[in-house]
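Thanks for coming. I have one model to go through, and I will keep to a few local features.

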Amino acid sequence: MKPNPFQNQQTIKSLIVDDEQQCRETLQAFLNEYCPDVEIIGDAANIEEAYRLIILKKPDLVFLDVSMPPSDGFELLRKFQKLNFEVVFTTAYNQFAIQAIRFSATDYLLKPIDPVELITAVGRVREKKEKNAENKEHKGKLVLFSDKSYFFVDPDSILHMELQSRKIVILLKDGKKHEVSKSIQEMEELLDSNFIRCHKSFIININEIKEYVPDKNGGCVIMTNSKIIPVAQRRKDVFLNAFSGGNNTAEAS
């Protein structure tokens, strides 16, 4: 039995919009045969029905006929302030290509549809979907460089950072460590107000402070992982201002 190359891919929920039943059936047959990761969630013969189905079923992809008298596919797209789905136009006329580009169509297929061109169009939709999912996954994360590769870190997962031998060692809540070749000033600029530089060599997550122990030299903080980190005297006032305004339950001794 041959392995299915699509078995680990996400389904592309698709809607077919065409005023000719035979065209809808032919396209569905091609998709079933050549694009098994495409799930047909509905079809429509006019723009009113298509609009209702798009709102109701929220497809990833709409195969859209251009010419559907008395209206056209472009009229359907104008009903949306923002397109939250990909569009592949299907038409017997090539003079609509410029308008299709203006609507940021993923592809433009001429009838009769060539299965090879259909496979290519679906592949482009798949690539866009995967890229959008990746961007969403990494939204709000820090993009850092270490050992010739990039990695993503959620700021909320950081306990503290320490400057060691011209490198920044980042300790995460799960105990993992990352080393990055950045200055501590650069890291300070990347982080939000939940982080404070309490010492020339340390940046800490103020929401992960367990206790502050003051003394005449500035004192120290005890983090939730029991790490003791010094607070420099010249940074004490800035630290206390951030610490007192942070959303944490730590108490000074």
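I will cover a surface patch, then the cysteines, then one hairpin.

This is a predicted model, where local features need pLDDT of at least 70, side-chain atom pairs count only at pLDDT 80 or more, and totals for chains, interfaces and linings use all residues. Residues are numbered from 1 along each chain as its sequence is written, and side-chain values use heavy atoms, with hydrogens and water left out.

The patch first. Val143, Phe145, Tyr150 and Phe152 form a nonpolar surface patch of about 430 Å². Patch residues have over 30% relative accessible area and no salt bridge, with nonpolar side chains (Val, Leu, Ile, Met, Phe, Trp, Tyr) joined within 5 Å and like charges within 9 Å. Areas are Shrake-Rupley values with a 1.4 Å probe, and for residues only the protein chains shown count as cover. A salt bridge here is a Lys or Arg side-chain nitrogen within 4 Å of an Asp or Glu carboxyl oxygen.

Strand 8 (142–146) and strand 9 (149–153) each supply at least two of the patch residues; strands are DSSP runs of E, at least two residues, numbered from the N terminus. Phe152 lies in strand 9 and is partly exposed at 37% relative accessible area. Buried means under 20%, exposed over 50%, partly exposed in between.

Last, the hairpin. Strand 15 (209–213) and strand 16 (220–223) run antiparallel, joined by four bridges; pairing requires at least two DSSP bridges. Val213 has Cys220 as its bridge partner. Six residues sit between the strands, and Gly218 has a positive phi near 125°.

Terms used
Buried < 20%, exposed > 50% of the residue type's maximum accessible area, 1.4 Å probe, protein only.
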